[in-house]
Amino acid sequence: MLKWIRALDRVLKGEATSTAALRTGRFDIPLGGLSLVGLLLGVFYGVCMGVYAVITRFHRPDAYMGYQQLAASAVKVPLLFFLTLVITLPSLYVFNALVGSRLSFLTVLRLLVAALGVMLALLASFGTILVFFTISTSSYSFMVLLNVVMFAVSGMLGLAFLLQTLHRLSVAQESLPPETPLPQTEPNASPPGETPPQALPPAEDIYPPLDPTQSLGAGARRRRPGPLDRPEGQMLGKHVRTVFRIWVLVFGLVGAQMGWVLRPFIGTPNRAFTFLRPRESNFFEAVYGRMVDLVSPDASSRSWQRK
């Protein structure tokens, strides 16, 4: 378990996605181990979400429903992410192949699992903040919107990680030697005074190793690139960026609606516990309704759908 946690730590610090680590054009992470760590992180955040149901029903005849909601949330949060992975993985592979990438299906799967690991690590880091607001407010609408914001921030940063890693993998692939090198008809035949053609620079030249003794003026050291930093001097084509941005939009829509399908995550205080709600409305209408309830408490009597 410890080595899998260290693997996630390497991903978060950018060590697993450095250009030198990706020089072979593959993204090597422990797929099963990272999935298990992500599962546990999701369970932790789900427990933090369920604390609201426990507190609001405490000392009530239906207090047991609060613990039922807590257990259900602990199951649903990791389920939300991994179901979204299953649904969006084929489209990511097809989009990736469409732009000319040579990444294998297994590499794309590892990349998406790593991105979900980043999302779940960020989400779990918000867990204590969520519990703090849970015990300091009784507003259900506020708690719903707070969770939406936390999921949105985690999702955006996780997808930014995915896009930058795809970028670096593309750069690493371009640095690989061609599979069938062209024959040299006249080796060493460069005219005097001309520089012979140079091969593509090695992958580590894009991010050269740091020299701890080297300073960049006024004693400043060069910062090691993080997982969200763009490779210097390397740009993806406009059509490639457009294709992947479309996929990011698809992933966000699928994740949002999947969260709505799996509701409730928090548990409405005045409704009986149920593992899943009937299929009705949609995620965006529900969020709008909660925003109206938060701004105008009198509007809570309207028929907005409960998350």
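1. What pattern does the protein chain follow when read along the sequence? The pattern is α-α-α-α-α-α-α-α, and the count of elements is accordingly given as 8 helices and 0 strands. The model is a predicted one, and everything below should be read with that in mind. Of the 307 residues in the protein chain, 42% are buried.

2. For α2 (31-56) and α3 (residues 63-98), the angle is about 145° and the axes are 7 Å apart, and the crossing is right-handed. On the α2 side the contact is made by residues including Ser35, Leu39, Gly42, Gly46, Gly50 and Ala53, and on the α3 side by residues including Gly66, Gln69, Leu70, Ser73 and Val77. By class, this contact has 14 nonpolar and 7 polar residues, with no charged residues.

3. Gly50 is found in helix α2, and it counts as buried because its relative accessibility is 0%, against a cut-off of under 20%. When residues up to four places away in sequence are not counted, Gly50 touches Gly66, Leu70 and Ser73, each of which is also listed on the α3 side of the contact between the two helices. The C-alpha atoms of Gly50 and Ala72 are separated by 8.0 Å, although the two residues are 22 apart along the chain.

4. Helix α3 also packs with α4 (residues 105-125), where the axes come within 10 Å and cross at roughly 145°, again as a right-handed crossing. The residues that make this contact include Val77, Phe81, Leu85, Leu89 and Leu92 of α3, together with Phe105, Leu109, Leu112, Leu116 and Leu120 of α4. The contact divides into 15 nonpolar and 2 polar residues, with no charged ones. Val77 of α3 is listed in this contact and is listed in the contact with α2 as well.

5. Gln69 lies in helix α3, and, leaving aside residues up to four places away in sequence, it touches Ala53, Pro264, Phe265, Ile266, Gly267 and Phe273.

6. The largest pocket is a separate item, and about 610 Å³ of space lies in it. Of the 26 residues that line it, the closest to its centre are Phe151, Ala152, Gly252, Gly255 and Ala256. Helices α3, α6 (140-175), α7 and α8 each supply at least two residues of this lining, and α7 gives the most, with 9 residues. The lining divides into 18 nonpolar, 7 polar and 1 charged.

7. Two backbone details remain, and as background, most residues other than glycine have a negative phi, and most peptide bonds are trans. A cis peptide bond joins Arg263 and Pro264, with omega about 5°, and Pro264 is placed in the loop between α7 (238-261) and α8 (283-295). Phi of His59 is near 65°, a positive value in a residue other than glycine. His59 sits in the loop between α2 and α3, and it counts as exposed because its relative accessible area is 73%.

Notes: Residues numbered from 1 in each chain as written. Predicted model: local features only at pLDDT ≥ 70, side-chain atom pairs only at ≥ 80, totals over all residues. Heavy atoms only, no water. Axes fitted to C-alpha atoms, helices over the stretch in contact; angles between N-to-C directions. Helix = DSSP H or I, 4+ residues; strand = E, 2+ residues; numbered from the N terminus. Left-handed = near helix turned anticlockwise from the far one by under 90°. Contact = heavy atoms within 4.5 Å. Nonpolar A, V, L, I, M, F, W, Y, C, P; charged D, E, K, R; others polar. Buried < 20%, exposed > 50% of the residue type's maximum accessible area, 1.4 Å probe, protein only. 1 Å grid on protein atoms, 1.4 Å probe; cavity = no way out; pocket = protein on both sides within 12 Å on 5 of 7 lines; lining within 4 Å. Points joined across faces, edges and corners; volume = space filled by probe spheres on them.
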